[in-house]
Amino acid sequence: MKISVIVATYNRIDALDFVLQSLETQTDSNFEILIADDGSKPDTKDFIDSFKLKSKLQIKHVWHEDLGFRLALIRNLASAEASGEYFIFLDGDCVVQPDFVAQHRKLAKKGYFTTGSRVLLNEALTKDILSWSRWDFKKFISHLLSYRLSGGINKYWPIKIKLGDGTWRDYKKFVWRRIKGCNLACWKADALAIGGFDETMTGWGHEDADFVFRLQNRGLIRKSGSWSTEVLHLYHRINDQSNAAENARRVREKILAKAQ
């Protein structure tokens with residue numbers, strides 16, 4: 001089974017560099033990368049072109065014009081160019097552990113999709129890591145306890161301990177909690193069957209919850225990827241959330257319509 005890792009980005013080359021470097025170190029190499037670029041400036045394309053020249057990764061850059069926050073649309077455009085049977089949606093500021101693809105592959109099962117988890121890095125630690133000459137997971141893990149004690153990261157044990165699959169991962173119904181579009185995986189056929197992400201949802205917020213609800217509404221079972229797929233989410237300032245309330249209202253409307 002070939003996997004397509006769809007990495008969303010927007011004008012943040014330093015973070016994207018480390019994310020791509022972390023994908024180069026995967027224990028499971030049977031995947032391609034599609035960079036879903038929501039309208040970055042030309043320097044992002046220049047960086048990606050340069051990175052591709054020295055990397056063994058299969059990378060395709062999918063870009064559209066910057067007309068505001070249109071993450072749903074660019075993810076769909078990248079998905080349309082993907083050749084994998086299984087999609088992992090990742091954000092361009094989420095550095096992955098070496099077994100990230102392998103862990104997602106273990107959890108991949110027909111009739112299911114996985115909502116992954118993340119470890120938040122604070123501003124100081126993010127700045128420190130991005131000052132490194134290269135991403136180095138061994139270096140990061142060697143300081144893990146001190147990072148946790150100093151508040152640099154908000155989780156410790158889910159990075160140190162990996163748990164296997166089981167019915168304890170299955171959600172019985174739709175719940176809003178722990179839906180993170182920055183780490184989300186599903187079968188390509190299932191994403192296509194629901195029409196992908198809702199492109200009418202613009203601005204930051206809840207297009208991932210809408211996607212999850214529609215997958216579950218189709219009869220698929222949501223599986224938790226916690227204690228298995230944690231990504232390292234680099235710090236950034238809070239996005240403009242002016243559309244979040246409207247997007248949330250639209251998701252709630254769909255939930256209520258189903259209940260009735």
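1. F113 stands opposite R222 in β9. Strand β6, residues 112–115, pairs with β9 in the parallel sense over 4 bridges; two strands pair if DSSP finds at least two bridges between them. Helices (H or I, at least four residues) and strands (E, at least two) are DSSP runs, numbered from the N terminus.

2. This is a predicted model, in which local features need pLDDT of at least 70 and side-chain atom pairs count only at pLDDT 80 or more, while totals for chains, interfaces and linings use all residues. Residues are numbered from 1 along each chain as its sequence is written, and side-chain values use heavy atoms, with hydrogens and water left out.

3. The open sheet has 7 strands in the order β3-β2-β1-β4-β8-β6-β9, with mixed pairing. β3 (59–63) and β9 (221–224) each have a single partner strand, so one side of each edge strand is left without a neighbour in the sheet. From one strand to the next, the twist averages 20°.

4. Helix α1 (residues 13–24) lies across β1 (3–9), β2 (31–37) and β4 (86–91), and runs at about 165° to β1. Helix α4 (residues 100–107) lies across β1, β2, β4, β6, β8 (183–187) and β9, at about 135° to β4. Axes are lines fitted to C-alpha atoms, for helices over the stretch in contact, and angles run from 0 to 180 degrees between N-to-C directions. Contact means heavy atoms within 4.5 Å.

5. D28, in the loop between α1 and β2, is buried, with a relative accessible area of 12% (buried means under 20%, exposed over 50%, partly exposed in between, with a 1.4 Å probe and protein chains only). Not counting residues up to four places away in sequence, D28 touches V101, A102 and R105.

6. The side chain of D28 reaches the backbone nitrogen of N30 at 3.0 Å.

Note on methods
Polar contact = N/O pair within 3.5 Å; in protein donor to acceptor, adjacent residues only side chain to side chain.
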